[in-house]
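Q: I am new to this structure and would like to go through it step by step. Could we look at it together?

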Amino acid sequence: MAKILDGKTAAAEVRSEVASEVAGLLERGVLVRLDVILVGEDPASVTYVASKERDSQEVGIESKVHRFAADVPQEELAALVGRSNEDTAVSGFFIQLPLPEGLDPMPLISSIDPAKDVDGLSPESVGRLVVGLPSLLPCTPHGVIQLLKRNGVDLSGREAVVVGRSNLVGKPLAQLLLRENATVTVCHSRTQDLPEVTRRADVLIVAAGKREMIGAEHVGEGAVVVDVGIHRKEEGGLVGDVRFDEVEPRAAWISPVPGGVGPMTRAMLLHNTVTAARIGPKS
Ligand code: NDP
């Protein structure tokens, strides 16, 4: 029977570390503030932003949400990004994605000061990660690494296979795994014979966004399996990219959905915000 990579417990640990760091900064007169840019009324985005606000409050981080209608001009958002970069009261900020059709997220994300880029998704932040310079790390990939480390899973020298190569998850995750000295393979929709590749993994991380696509045939005996996928079931509740019941008996460790990577992603945003506040702006 596999051991559970419990994201709720690991995330609670991270939140408690963040809370003491926030308290320490407050004692020195440094306020920690997270700003969010929310455009439109996509229900999932609205829910995510509400939970990020709640998380922030819990650890003593002030939060402010800038709300815009879906038809806001791109220039107005660009101007807010510029002001947030300059505003010393803002420790860090992010744009809740996806943006409504007609808006282009990349120029906006690219203009976020890397010292305030708490999502860690700007080309400069990702570039710094690739060349090994300090940067704020993308929340989901960093959450995956922390979930593994905090459960004592050693990555050094192990075969890690990532399914998915998105800018949000797969690509930065591959970089972080390299940084941990894993031997890394990245699979995607053109990978031939996926089960043959994934079965070689000591550590298999799935971020394909395809409901329950990974089954027992994809997993080697004793592998560590991390499921990044999140899908809402028609009957309510969440499910991942991995068929948990089928894979669990073969795995040494497995992350559940919900309660695995999701809580870690949220916790790493708080971690990045307090890190940004501690380090302060670049200039
Ligand atoms: P994307 O859709 O941007 O990327 C999916 C990737 O998976 C692509 O690289 C795609 O390949 C690859 N892929 C798709 N189908 C297959 C297949 N059959 N075999 C191999 N590779 C495949 O998704 P994201 O990276 O944004 O998200 C992935 C999942 O993670 C989603 O379910 C999302 O909801 C979830 N997620 C969860 C978070 C959390 O906090 N737990 C945070 C962020 C995302 P190609 O490039 O060739 O198209």
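Q: What should I know about the model before starting?
A: This is a predicted model, in which local features need pLDDT of at least 70, side-chain atom pairs count only at pLDDT 80 or more, and totals for chains, interfaces and linings use all residues. Residues are numbered from 1 along each chain as its sequence is written, and side-chain values use heavy atoms, with hydrogens and water left out.

Q: Into which domains is the protein chain divided?
A: There is domain 1 (28–114) and domain 2 (139–262); such bounds come from an automatic or database domain assignment.

Q: And how far apart do the C-alpha centres of the two lie?
A: The C-alpha centres of domain 1 and domain 2 are 29 Å apart.

Q: What does UniProt list for residues 138–278?
A: An unreviewed UniProt entry lists that stretch as "domain: Tetrahydrofolate dehydrogenase/cyclohydrolase NAD(P)-binding". UniProt positions are given in the numbering used here, feature names are shortened, and annotations may be inferred rather than shown by experiment. In the model, residues 138–278 are 35% helix and 17% strand, with the end C-alpha atoms 18 Å apart. Helices (H or I, at least four residues) and strands (E, at least two) are DSSP runs, numbered from the N terminus.

Q: Now a sheet. In what order do the 3 strands of the open sheet come?
A: The order is E3-E2-E4, and the pairing is parallel. Two strands pair if DSSP finds at least two bridges between them.

Q: Why is one side of E3 and of E4 left without a neighbour?
A: Strand E3 (62–68) and strand E4 (92–95) stand at the edges and have a single partner strand each, so one side of each has no neighbour in the sheet. From one strand to the next, the twist averages 15°; axes are lines fitted to C-alpha atoms, for helices over the stretch in contact, and angles run from 0 to 180 degrees between N-to-C directions.

Q: How many bridges join E2 to E3?
A: Strand E2 (residues 33–39) is joined to E3 by 7 bridges, and the two run parallel. Val 36 stands opposite Val 65 in E3.

Q: Changing topic: which residues does UniProt list for "binding site"?
A: The unreviewed entry lists Gly 164, Arg 165, Ser 166 and Ile 230.

Q: Where does Gly 164 lie?
A: Gly 164 is in the loop between strand E5 (159–163) and helix H7 (170–179). Ser 166 is also in the loop between E5 and H7.

Q: Is Gly 164 buried or exposed?
A: Gly 164 has a relative accessible area of 9%, so it is buried. Buried means under 20% relative accessible area, exposed over 50%, and partly exposed in between (1.4 Å probe, protein chains only). Ser 166 is partly exposed, at 31%.

Q: What do they touch?
A: Leaving out residues up to four places away in sequence, Gly 164 touches Gly 170, Val 186, Cys 187 and Ala 207. With neighbours within four places likewise set aside, Ser 166 is in contact with Lys 171 and Pro 172. Contact means heavy atoms within 4.5 Å.

Q: What about Thr 273: buried or exposed?
A: Thr 273 is buried, at 0% relative accessible area. Thr 273 is found in helix H10 (residues 261–279). Beyond its neighbours within four places in sequence, its contacts include Val 32, Arg 33 and Leu 34.

Q: Last topic, the backbone. Which peptide bonds are cis?
A: Among them are the bond joining Leu 97 and Pro 98, with omega about 0°, and the bond from Val 257 to Pro 258, with omega near 0°. Pro 98 is in the loop between E4 and helix H4 (105–110), and Pro 258 is in the loop between strand E11 (253–254) and H10. Most residues other than glycine have a negative phi, and most peptide bonds are trans.

Q: Which residue other than glycine has a positive phi near 50°?
A: That is Glu 212, which is partly exposed at 28%. Asn 181 also has a positive phi, of about 70°, although it is not a glycine.
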